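Trainee: I have a structure open and would like to walk through it with you. Could we begin with a single residue and work outwards from there?

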Amino acid sequence: MKLQISSGDRQFLLDAAAAAPDAEVCGLLLGQLGRAETLVPARNVARDPARSFEIDPATLLAAHRDARSAGQRVIGHWHSHPNGRPEPSARDAARASENGQIWLIVAAGGLTAWAPHSQGAGPAQFQPVAIEVA
Ligand SMILES: [Zn+2]
């Protein structure tokens, strides 16, 4: 599994994370399977945005609608880790499910991507997804 992203979009994500050192920033990835074509920034409506994220539901609804009309799909989402940890947190694992969505994490000046796999009733396991910057 892999994720293609443009160098401009990669830089946008790094800049967005750098501009918010005290809160997780988040948004949606629209495109085709394995290729992010459009980034949709979203408000982080989590109660504790320093340590978690929750994409504004209104943005989520609009993104699904916009993706359909553009012949795209919502292929995943991105969020930043102000603590610099590049891997999904325990909090991320607790709410992830195996639904084909890619988790893109911006941390420490880089990007990592992950695909959740459900393990029974426990927290999801994340498998790394290779990122290709084109
Ligand atoms: Zn996280």
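Trainee: Which residues does leucine 104 touch, leaving out those up to four places away in sequence?

Mentor: Bearing in mind that this is a predicted model, leucine 104 touches Leu29, Gly76, Trp78, Leu111 and Ala113 once residues up to four places away in sequence are set aside.

Trainee: Which residues have the most contacts inside the largest nonpolar core?

Mentor: That core has 29 residues, and those with the most contacts inside it are Leu29, Ile102, Trp103, Leu104 and Ala113. At least two residues of the core come from each of strand E1 (2–5), helix H1 (7–18), strand E2 (26–32), strand E3 (35–42), helix H2 (57–69), strand E4 (73–80), strand E5 (102–107) and strand E6 (110–117).

Trainee: And which element gives the most to this core?

Mentor: E5 does, with 5 residues.

Trainee: Let me step back to the whole chain. What pattern does the chain follow along the sequence?

Mentor: The order is β-α-β-β-α-β-α-β-β-β, which comes to 3 helices and 7 strands.

Trainee: What does the radius of gyration say about the chain?

Mentor: The chain has a radius of gyration of 14 Å, and since a compact globule of 134 residues would have one near 14 Å, the value agrees with that expectation. The C-alpha atoms fill a box of roughly 35 × 35 × 30 Å along the principal axes, and 32% of the 134 residues count as buried.

Trainee: How much of the contact set joins residues 24 or more positions apart?

Mentor: Among contacts in the chain with a separation of 6 or more, 58% are between residues 24 or more positions apart.

Trainee: Back to the strands, then. In which sense do E2 and E4 pair, parallel or antiparallel?

Mentor: E2 and E4 are paired in the antiparallel sense over 6 bridges, and within that pairing leucine 28 has histidine 77 in E4 as its bridge partner. E4 also pairs with E5, here in the parallel sense and over 5 bridges, with isoleucine 105 in E5 as the bridge partner of histidine 79.

Trainee: How many residues of E4 are buried?

Mentor: E4 is mostly covered, with 6 of its 8 residues buried.

Trainee: What about E7, which strands does it pair with?

Mentor: Strand E7 (residues 125–133) pairs with E1 in the parallel sense over 4 bridges, and isoleucine 5 has valine 133 in E7 as its bridge partner. E7 is also paired with E6, in the antiparallel sense and over 5 bridges, where alanine 115 stands opposite glutamine 127.

Trainee: Changing topic to the helices, which residues of H1 are buried?

Mentor: In H1, the buried residues are Asp9, Leu13 and Ala17. They cover an arc of only 75° around the axis, which means that they lie on the same side of H1. As a general point, an α-helix has 3.6 residues a turn, so residues three or four places apart point the same way.

Trainee: What is on the other side of H1, and what covers the buried residues?

Mentor: Ser7, Gly8, Gln11, Asp15 and Ala18 are exposed on the other side of H1, whereas the buried residues of H1 are covered by elements including E1, E3, E4, E5 and E6.

Trainee: How far does H1 reach from its first C-alpha to its last?

Mentor: H1 has 12 residues and reaches 16 Å, which is close to the 16 Å expected at 1.5 Å a residue.

Key. Residues numbered from 1 in each chain as written. Predicted model: local features only at pLDDT ≥ 70, side-chain atom pairs only at ≥ 80, totals over all residues. Rg over C-alpha atoms; globule rule 2.2 N^0.38 Å. Buried ≥ 20, exposed ≤ 12 C-beta atoms within 10 Å, placed from the backbone. Contact = placed C-beta atoms within 7 Å. Core = buried A, V, L, I, M, F, W, Y, C linked by C-beta atoms within 7 Å. Expected span 1.5 Å × (residues − 1). Arc of directions from axis to C-beta. Pairing = 2+ DSSP bridges.
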